[in-house]
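Please look over the structure shown below, and then read the briefing that follows.

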Amino acid sequence: MIDKDVDLRSDTVTSPTAEMREAMARAMVGDDVYGEDPTVKQLEQEGAACVGKEEALFLPSGTMGNLVAVLSHTGRGDAVLLDSESHIFYYEAGGASVLGGVQFWPLEGLHEGGGAVEMIKKGVRPPDQHFAPVRLLCLENTHNRLGGVVMPPGAMEEVCSAARHLGLVVHLDGARIFNAAAALQLPATDFTRHCDSVMFCLSKGLGAPVGSLLAGTTSFIARARRNRKLLGGGMRQAGVLAAAGLLALEHRHALQEDHRRARELAREIAALPGLDVDPFPPPTNMIIVHTAGANCSPGEFCAFLAEQGIKAIPFGENRVRMVTHRDISDEDIGRAINGVKAWSLHFQSQGSRGGDRP
Ligand SMILES: *Cc1c(COP(=O)(O)O)cnc(C)c1O
């Protein structure tokens, strides 16, 4: 029998558990656009409580959750400050610019090096007819492109209070906020209390097949509900999805296991000649492997691993990403370790194309 591939490309690749599928089959449903789906309501209530907000809204994706958040906090012609490597700026098709007439002002290194407050102060220009008024700051925690890095609650508080003093509201792209909470063993509310709104994904490490929640005040969620409808995101008998989402929420307490497995795999990779892992150790469930020292392109590295039944993904120049998640077991980590070791042997036997590396 051929083993199933060990899929480390993303934590979005999980399949719903047998328990989820049963709950989906049994779910009580109604028309949620009429406000009549009890399972969606339950998910929205429990989700809001997890992040300490008054209300929450169930959406088909995190991308729509962030877009609805930006649309609900801003008007046409407003400017939004955010990190230049943030998911909203980098991976969401410029949605808020296209659909909301909002201008993004990307800040380089907002989540690195502790200069965030100064950057935000500089970013908010004085009232002047030349300048688009800055209304909103978006943060991301954990940070995807930086490698699952956690912004601790103290830093969030500092940045958010600076933003508030400048008259901004703050949205947190907390797609993986429960990974941040698990990493520091703190309640998620420690991270979310200083933000006006937070989006988190049920369909990443938590393992739901579909869905994200956007949480905030009651009046904010009322605007968000309207904007979700505007975008075509009003769903009808969505309780079948929410039923899986409720079980996914419970899984937030188990994310440390994904982090432990990421550290184990990272330790083995970092010990191999030619490969680096940075950040090391991985702070949460993402491993960023740097292949420059091996003189091997990310594509070549991933292609070799794919032959061993290990899926990883090229992640920019000289970088490969591996992500642990609910469907990755200790045995899978063992197979992944064997895969990278096989690459290392192959690489050494070929002789380094980079010259006389030791
Ligand atoms: C995945 C992700 C999103 C978007 O979620 P989708 O459900 O894939 O649309 C938003 N922000 C971050 C940081 C993410 O990693």
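Is K311 buried, partly exposed or exposed? K311 counts as partly exposed because its relative accessibility is 29%, where buried means under 20% relative accessible area, exposed over 50% and partly exposed in between, with a 1.4 Å probe and protein chains only. This is a predicted model, in which local features need pLDDT of at least 70 and side-chain atom pairs count only at pLDDT 80 or more, while totals for chains, interfaces and linings use all residues. Residues are numbered from 1 along each chain as its sequence is written, and side-chain values use heavy atoms, with hydrogens and water left out.

**Around K311**
- K311 lies in strand β11, residues 310-311, where a strand is a DSSP run of E with at least two residues and a helix is a run of H or I with at least four, both numbered from the N terminus.
- Leaving aside neighbours within four places in sequence, K311 is in contact (heavy atoms within 4.5 Å) with D5, V6, D7, L8 and R9.
- The C-alpha atoms of K311 and D5 are separated by 6.9 Å, although the two residues are 306 residues apart along the chain.

**Helix α1**
- In helix α1, residues 18-26, the buried residues are M20, A23 and M24.
- Seen down the axis of α1, these buried residues fall within an arc of 105°, so they line one face of the helix; the arc is that of the directions from the helix axis to the C-beta atoms.
- The buried residues of α1 pack against α11 (239-250), whereas the face turned away from the buried side carries the exposed residues A18, R21, A25 and R26.
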